[in-house]
Amino acid sequence: MAIPEEYKLKCDFTIPERYKHHALSNGKEPNIPASNIKTIPGDMTERGCAFAGNRGVIGGPIGDCLQVVHSPAGCVWYQWGTRRNLSAIYSWAGPGVLCNDSHNRRHAISTDLLEKDVVFGGMEKLEKACLEAWRLVPGAAGILIFTTCTSGLIGDDCHAVARRVEKEIGKPVFVFDAPGFCGVSQSIGHHHFNNQFYEQITEYREKHPEVCMKEEEKGPYDIAIVGDFNMDWDLAFIKPLFEKLGCRIILVFTGGEHFENLIKLPDVKLNVLHCQRSCTYISKLLSQGFDVPYVNVSLFGLEQTAEALREVAGFFGSEDMKQKAEQIIEQELKVVSPAIDFYREKLSGKRVGIYVGGPRVWHWQRVMQELGMKVVFGMCTFAHNDDYEKINARAEDGVFLVDAPNEFEIEECLERFKPDLFLTGLKEKYLCRKFGVPTVNSHSYEKGPYACFRGMVNFARDIYQGVYAPVWKFVRDNDFI
Amino acid sequence: MTTSLKLNGRLTIEELNALPEIPIEGITYDQMYIEKEPICPEYQAPDQDIIPLSNRSFVMDPGRICMPFGAMWAGVGVHKCIPFVQGAQGCTTYPRYTFCRIFREPVSIATASFHEETAVFGGRKNFIEGLRNLIIRYHPEVIAIVTVCSSEIIGDDMEGFLEEARDSLEEEFGPKIFDEVKFVIIHTPSFVGSHVEGYNRAAAAFLKTLAKRSTPNNKVNIIPGMITPGDIREIKHILKLMDIEGAILFDISGTLDCPLRLPQSMPYYPKGGTRVEEIVDMGSSLATFALCHDAGEAGATYLEKRFRVPAMIGPMPLGIRYTDSFIKNLSEITGKPITDEIKDERGILIDAMADTFHYTMGVRVAIYGDPDIAAAAARFSCELGMLPAIIGSGTESKQFVKDIWETAHEYDFEPVILNGSDMFEWEEHIKKNKIDLILGSSKAVNISKEANAPLVRIGFPIYDRVGYQRRAYVGYRGGEYLLDLIVNTLLESKFPDDRVHQ
């Protein structure tokens, strides 16, 4: 349904093609805004590039590989130690001294393409770079090569280089090819990573069957957590829940994971799929190619985490596991309810806007409801139709939805809907605060983890601190003299 | 007992998930004990032959970012100027992210949103459409058109595109549109140079496009380089004390450190920044001071060649001698005397140095930064009696090497100079030498912790502590602040408490 006249944002009068990106949520007859289409040039979009989706989101969190970015030095600099995708794997800084930051975040390696490479090609440089870096950073489990706009445009055959390097070092060398200009947003970078990872592990497993799990090693309740990137150690709450349930977690795709484990992705019995935007592709491929089914879960909030446990127990069908799930849920609710009750009382009736990449806008609808808050608008940078279907299903009716919002639309929504809090990222944070609206960093969190029952207390606390910080009183107090 | 010592009061993940109640304040990951897994059983020294960058085909931990970033920095310092980046969306989003991290301020930058077909057919359509959309919604006074790797490789003819865009804008809005908005094109392919060069090129491009010669205006132009809003305010303070009228090219002190006062304009524009009229008028000034040789020289030289406005280039006025030279030059050019207040400020810095030399003498420092600030920090270190043993710049610069050798001869020491190298090479030198103190950016935090040498944050970028963007290191008062930071850091980390009690 087209957006009603009174909801048309004024800032878009001059670019009316934006209106098809706006909708009002409706549970019965979902309103799906136009999504995953080209950005309007010059509209001050908040979208990023495929390289951000490819390495920034999915490749970057892998714990123990050498990651070589085939680009001028700038691209890798921007991703160096930014997203807080943490890992327990550390390289050595010196004899007896581990590095101060986990291996995946500690160094930034780039082939530093220069003008002559752009003119004559960078393949030789890439090959040398991989072999030299391999000698300089001992202990890595393999090499991941990422392309960018520059390497994509000069047309280097990175796969050929990878095959040669792989032969030389005797460890897997994978290429993830998603130049910044491909697709319309970060989302295509996720997609490319998924497809290319699947293709390359399939091929690698065929050539090296010893890396697959042997039949006798496999267990009945082996699972993979797919689509979690261990932001602020979310996994510290996610993993133990499924372990208590009786599952064995073989790997996480990809948060802080060992390469060796990632290659075992097709060997598990079930994929528990958390980020359903960035990782549905590989889950589908695994279910088609290896008959590994997946379940969609939300691991935020009380009710959704409970549902996730029930869903997984239900999949395995064991009565024992189903019982355990109920015990865990009952126990966990008891553990967090004093804190959650406190915050619900403080936050009831507060208005909140949510703007994240895609999935968290639907993951968090019910979380906000559990805290008694009212979601007044939701925005997604790179969501697709299925994300908006989920938002419609989970949100209250009448939530204003904006696909791929731009800076001006964000400003106008803040003025129009007057949220008490805005869940958003770092780029938008300072803009919102200039308009007197508190924010909570919804990408890397403020003081996380936020996942599952116990993490929700952190989430609620950060929201509470945002809403109740005394500074907002002074902001609105204009009559001081 | 031993476990609790090892855990330092933190909970293992197991204990955490067995807690019978989560306190209202929650439990964050820094309160958890997470066992670190070494990537391999023990430390293996990297192969020594490929530690120097000159022997390698890759950079590890680059001390520089891309050229467009410097041009965007410049654009952001102009009043109601929006940089328009002719490239993929990441080339805008990542720089914006970086600005936000450092300055904790909103930054508006537009993108042409290159997608696949742009790479095939070129960026003409996106450019013309993008410019129109930006103008009609944001009404900027200047648009800084910034190219990137992709648009330069596919060979976008920006000058031609702009002609076309102007025609279609005139058709839609009439000729008055060109009174309202100016365009500056800055070519910044990142495979040719770093952010420092990007800023340098922006300085030249803005002046070439906008500056004119008319009646002499008795002002001095200042091209500050990539220094903080606090630094720029300090420069303004010095000018005021000397009763000199200055014009700052790329004045980020009015755009990247702004008050929160409601109501705000919509769309958000900061109040400050260099006005277009000021840039136009720069062709009629007494002189141009480019405070950083590598970030600004091109602009100053252009004005000298084109309009005979004398160019005074570098060094960055940080520490005693370099500030002296800036102030002397200001006085000579303008004929204004060096006032008593300035002499007092200098005296206070010297007083502070006289009070603290026992703490700083002989301290071995490692320095890393953009060439101008690294060279100036090296000189100030020497003035404090410290020994800058390893000095690195992320961007290659002849001037940097020249400045360092000049300082080295004067103070009689032989530093390791890493010109245009990466932080990894610098780090390896630190780990092999006895280093007491590091002067570097937030990117040096890990090195500082691992090498057990305390860090004083300086240069670009500082994002892990607050307030640095508001403080000045330049001028005598800036030197005083930097001195305090250095001494207090040394006291904190190197001195037993009882030794500093009198």
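Strand β6 (residues 109-110) of chain A pairs with strand β4 (residues 59-60) of chain B in the antiparallel sense over 2 bridges, where pairing requires that DSSP find at least two bridges between the strands. Within this pairing, A:Ile109 has B:Met60 of β4(B) as its bridge partner. The model is predicted, with local features requiring pLDDT of at least 70 and side-chain atom pairs counted only at pLDDT 80 or more, while totals for chains, interfaces and linings use all residues. Residues are numbered from 1 along each chain as its sequence is written, and chains are lettered from A and ligands numbered from 1 in the order in which they are written.

Between the two chains, 87 residues of chain B are in contact with 100 residues of chain A, contact meaning that C-beta atoms, placed from the backbone, lie within 7 Å. Helix α4 (residues 90-103) of chain B gives the most to chain B's side, with 9 residues; helices are DSSP runs of H or I with at least four residues, strands are runs of E with at least two, and both are numbered from the N terminus.

Within chain A, the axes of helix α9 (residues 235-245) and helix α12 (residues 302-316) come within 11 Å and cross at roughly 40°, the axes being lines fitted to C-alpha atoms over the stretch in contact and the angles running from 0 to 180 degrees between N-to-C directions. The helices α9(A) and α12(A) are therefore oblique to each other, as angles under 35 degrees count as roughly parallel, over 145 as roughly antiparallel, 65 to 115 as roughly perpendicular and the rest as oblique. A:Leu241, A:Phe242 and A:Leu245 in α9(A) meet A:Leu309, A:Val312 and A:Ala313 in α12(A).
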